[in-house]
Every structure is written in C-alpha cells, then in structure tokens.
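Got a minute to go through some ring pairs and a helix crossing with me?

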Amino acid sequence: MTELLERTETATTHATAGPKDRVRIALVLGALGVVFGDIGTSPIYTLQTLFNPDDPHPVPLTPDNVYGVVSLIFWSLMIVVTLTYVSLAMRVDNHGEGGIMALITLVRSWAVTHKARSMAILAALGIFGASLFLGDGVITPAISVLSAVEGLNVVNPAFESWVIPIAAAVLIVLFVAQKFGTHVVGRAFGPIILLWFAAIAACGIGGIALEPTILAALSPTYAFTFLVGHFEFAFFALAAIVLCFTGAEALYADMGHFGRKPISRAWMLVVLPAVTLNYFGQGALVLHDEAAVSSPFFLLIPEWALIPMILLATLATVIASQAVISGAFSVASQAAELGYLPRLRILHTSHDTYGQVYVPWVNWILAGAVLVLVFTFQSSTALAYAYGMTAIGTITITTILFFYVAARTWRAPRWLLWSGAILILAFEVTILAANLTKILHGAWLPLAIALTSFVVMTTWQKGRQVVTDKRTRIEGSLADFIADIHARPEAIATVPGTAIFLNRGKTTVPLALRDNIRHNHVRHESIVIVSVDIAVVPRVPSTHRIVVDDLGDPSDGITHVTINFGYAEVTDVPRALSLVSPKAACGRLNLDEAVFYLSKIELRAGRKPRMASWRKKLFLATSRITVDAAEHFNLPLNRTVVLGEVVEV
C-alpha cells in the first residue's frame, strides 16, 4: 500500500509544472490551505473553553492546572494526530485515497470472502462515523466563524451586539459561494493559512517570553499528574481537550489529493510547531495575568495587530469551514455511489483539480442548520460542548477500522498491533466518555444529526436492496429473453440504428427493452445493453474502463458493455462508450445517432412487511431527491426515451 501511495504522489508531482523541489513545496502549501484550516484555528477557543467559569465542571484556575492543561493539549496532539493519523492511519489507503470512507470500502470489499456479518457490523460502524463527519460539517462553520468574529469583543465590548449578525452574514456568503467551487480562491488558501500559522507562532513566542517556565509543560508528567491527581474535574476537561485536534480526520480524508508525505511534512514542520507555540504562549499569559483567561488567544496579540489579526482569523476560519463543507460534499457523493444515498445532483466545479464537487441538497441543508446553530447558541463557548462529540466520535471509529484493516494487511506482529490499539483506544474512549457527559449541554446535537444521517443512509441501503430483489424478478433472465428472440425472428421487426439500454447487469433484461419488444414488436439492428459498475476504488484507469461481451452470439447484434467507474468519478456514459470500437460492438455501433433507453421505476408502499412502515415512508421520501438518471449518466436528452414500471416496497 505504501508503494501505491508513493506512485500516487509521483503522478501528482509529474502532473504539476516546475522543478521537483518546487512541486513538493506547492503540495505542502496546498495541504496547509485545504487540510489544516480546522485544526489550525482551534487555538482561538480551546484554552478559553477549558477554563470557562460557566462550564458545569470548570477547571480551577491555578498555576498547576495551567501547566497540566497545556501539557495535556500538547500530548493529545501528539497521540491523536502525530501518532494515530500521521504515523499510523495514513499508511493505510484505498488506491491512494484515505479517510473513513476509504476504510469502509476496504471492509466492504472483504465481505464476499470473509464473515459477512462481521464486515456488515464494521461497515455500519463506519457509516455512523461518516454520519458524525456530516454533523461536523454543521458545527465547524458555526463555531469557527463565531470564534473569530468574537474577537471584536476584545477590541470594544460595545461590538458584542454585532457579532451574531456579522457571523451570519459571513456564513451566508460562504454557502452562496459554494456553487462556484474553491478553484478560483483555492490558490490563496495556502498562503493565507501559512501567514496565519506564522502569526499565531509569533504571538505564542511573545507570550512564552512572559513566563518561560511554561515550557516545562512539554514533559508528559504534567499531563499525567493533572489527569490522575485531579480526576474529579480533569475527566470532564477532556470534553474540551478534544477541541485542540478537531479536523484531524481531514489529514486522512484529503490524503488522496496531496499524498501522505506533503501532509506529514506540513504537520511536522509548520502546523504542530505553530499551534504548540501558541498554546504555550496562551498558558504563559494566563500564568502572568489570570484575567486573560477570558480570551487568551486575542489578548495574546499586541494591541496594534488586533484588528488585522481578527480579519486574518476570520479568513482562516472561513477556509477551515470551506474545507469541512467540501468534505461533507465528498462524503455525500461517495455515499451515493456506494449505495447509501440516492443519486444526488453533483456538480464538478473544477476541470483541472480533482475532487472539487458541489452538492446543492447538502449545501442548503448545511446552510440552514449552521444558521440555526448560530442564532440558537450565540457563542463559540456554548457550541464547544457540542463540537467535541463529532470529532472524537469519528476519530474513535476511524481508529477501530484502521487497526482492523492493519491487522489483516500488515505483517506486523498481532500482539504489537493490538497493544497499540488498546492504548490509543483507551485514551480516545476516555475522551469520548467525557463528551457523553455533555449531552444535556449541547452534545446531543451532533448525535441527533449523526443518528438522522445514519438512519437515512441505512434505510436507503435496505430499501434499495428490496427494490433490487423485486426488480430482478420482474425483469427475468436475459439469456432466456435472447433465446426467445432467436426462436421467433418473424414476430419481431428489425429497424436500422443503435439502441442503448441502461441496465443493472447482464443477467436480467432491461425493462425498457422487454416493454419495447412486447408492445411494439420491434428491435433495433444494434442493441447495446450497458451496465455501470461503481468500483470500491476512487478512480478506474481508462484501460479497465470498458468490458465488452457479445453474449455468446456475435452475429445477433446484441452486445453487453460494462462500464467501470470509480466512486469519485463522473459517470459519463456516452464518453465511456466512445472507447468501444464498432467492431467490438457487433460492427454496427453509431453513437452519434444512437437512442438511449431508460427504465424508470415508480416506487409505491406495498402491504408486505419487507420494511417497517416508518422506514418505507422514509425511503419513499428520500427517493424524491434522486437526480434524473439521464442527467446523472450525462445522456443526451433529445435522444433519450424513458419507459416506466411500478415496484412496491
């Protein structure tokens, strides 16, 4: 797998103009802009939340606790980000792609040859983790933008009434701009975030100069002493500690765009040093002046730089929000391709940058939910209780799936892998348990969002299977159907031209083909039955795009073509069919004048107990957002015929 990832990185490098070293720097800079916006803006609110006096279980403000909290933040970053993600998880990929969806597809690919029940449980767990990530797409924009705009309160408390309107306006502009994609402004993301990290590092150094002894907190003994010696409130503090590594999943999820090495280098050389300096600087400032705990991040900034820093923080949080929103689009798109959501309208917003998609339904659902959060919670501190649940939930599930995949694919001793899994999961599960204590204080929100998304996706998967089984019985055997055509050639007229029927495979008859011959008693000279197969890999090379089968008789004009797409690719059927030579398609394939036939299914609730009543209603309601098949497969509308059939669920 490591060799495959290195090949992916090499391909990316060769695709970019310029010297080799310049390319590497560009990839690192790009990773900074896209990957690290969320985790890089966490210093704005993490320490402030930990010592928040309005917390139900506040951490007492004492010098020992400041040392302990700062040490715990640093070692949490080292365990969760540096060890779990950068050193371990990012060494497992699905053809170069990372993230929880990549792990799900790896687990699903083993379901055929191994214990299907165990695989199904792990896949379901992964889908819940992906659902938590969608919840993160709601909370991150709200808390990030709010925390940046709240810096106005430090400039002048009179600005407090303007925080919510300004934050809402910024968020509205952000979601409206999604349809244009990130390609135009994406080039500026890296330099802005690099400037952000340089600025917070400089502010941190200034704070450390006030109390250099804070550097002693680099020792893990301070974190350990804080946890063990003050467990009565340190346990609850873990619910806020998670804020320091929110966005860690983005490192893994975006691995396919930049490669493991650029992301790792950006983390080790830029991000980790910058956020560490800032957290230690905030701790030193609080030791120097306890009153600074009300807003240690902004009070760390020199007065002359406060306004520019607030503007830079707002830009950085918008970039962080953009990355999470784009991630939600990607997860929804991949879930649809893997059968967990209906076909969605997906727009690719860049012709030369892979992976930039816009999903209108997801965008406006997120926009509405984010604005509701802003007007309901009205502060980043109040939202912090809800924020941690999504992050630690996704991280814990990713860790479980990673160690399972690693145990199956790595040659490392099992005892070593499981020992590492126990130690890391013990830490993450403890943080998860701490966040569960915040359910009544806002943590219920991401759980509700995740559970809703999970129920929708699993219901669609179940309903889709019911429909597929019913449809298979209606369609009948393709081999028997072709044999029947051969047996009575005089009963069916043949007309010139090419008819292309989209179907689910080559074992059953396309409903449109069956109905056309049954009612019109006519067939085209050349019939091409096309099946689209979505692979459990993100992209399929062009050499493996097309598989042609003459179905045993090259002279009858009936051909089956399988088109293989990766789950992250555009399903452009006409373009893929252009790879088929006329000779392979019985010598009579004419794509310029071919007519495409679609079999439309009309879904209705039946009386048979195939699914619970409420799930039937949910499945039918979800089906209404399905994008038109002709649009999804990029078929020419002026040469597409749709024939329908009723199927009960």
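Predicted model: local features only at pLDDT ≥ 70, side-chain atom pairs only at ≥ 80, totals over all residues.

User: How are the rings of phenylalanine 74 and phenylalanine 280 arranged: stacked, tilted or edge-to-face?

Analyst: Rings of Phe, Tyr and Trp (its six-membered ring) pair if their centres lie within 6.5 Å; planes under 30 degrees apart are stacked, over 60 edge-to-face, the rest tilted. Here the centres sit 6.2 Å apart and the planes are at 80°, so the pair is edge-to-face.

User: Is phenylalanine 280 buried, partly exposed or exposed?

Analyst: Buried means under 20% relative accessible area, exposed over 50%, and partly exposed in between (1.4 Å probe, protein chains only). Phenylalanine 280 has 2%, so call it buried.

User: How do α21 and α25 lie to each other?

Analyst: Axes are lines fitted to C-alpha atoms, for helices over the stretch in contact, with angles from 0 to 180 degrees between N-to-C directions. Helices (H or I, at least four residues) are DSSP runs, numbered from the N terminus. The axes of α21 (residues 444-475) and α25 (residues 613-623) come within 9 Å and cross at roughly 90°. With under 35 degrees roughly parallel, over 145 roughly antiparallel, 65 to 115 roughly perpendicular and the rest oblique, the two are therefore roughly perpendicular.

Notes:
Residues numbered from 1 in each chain as written. Heavy atoms only, no water.
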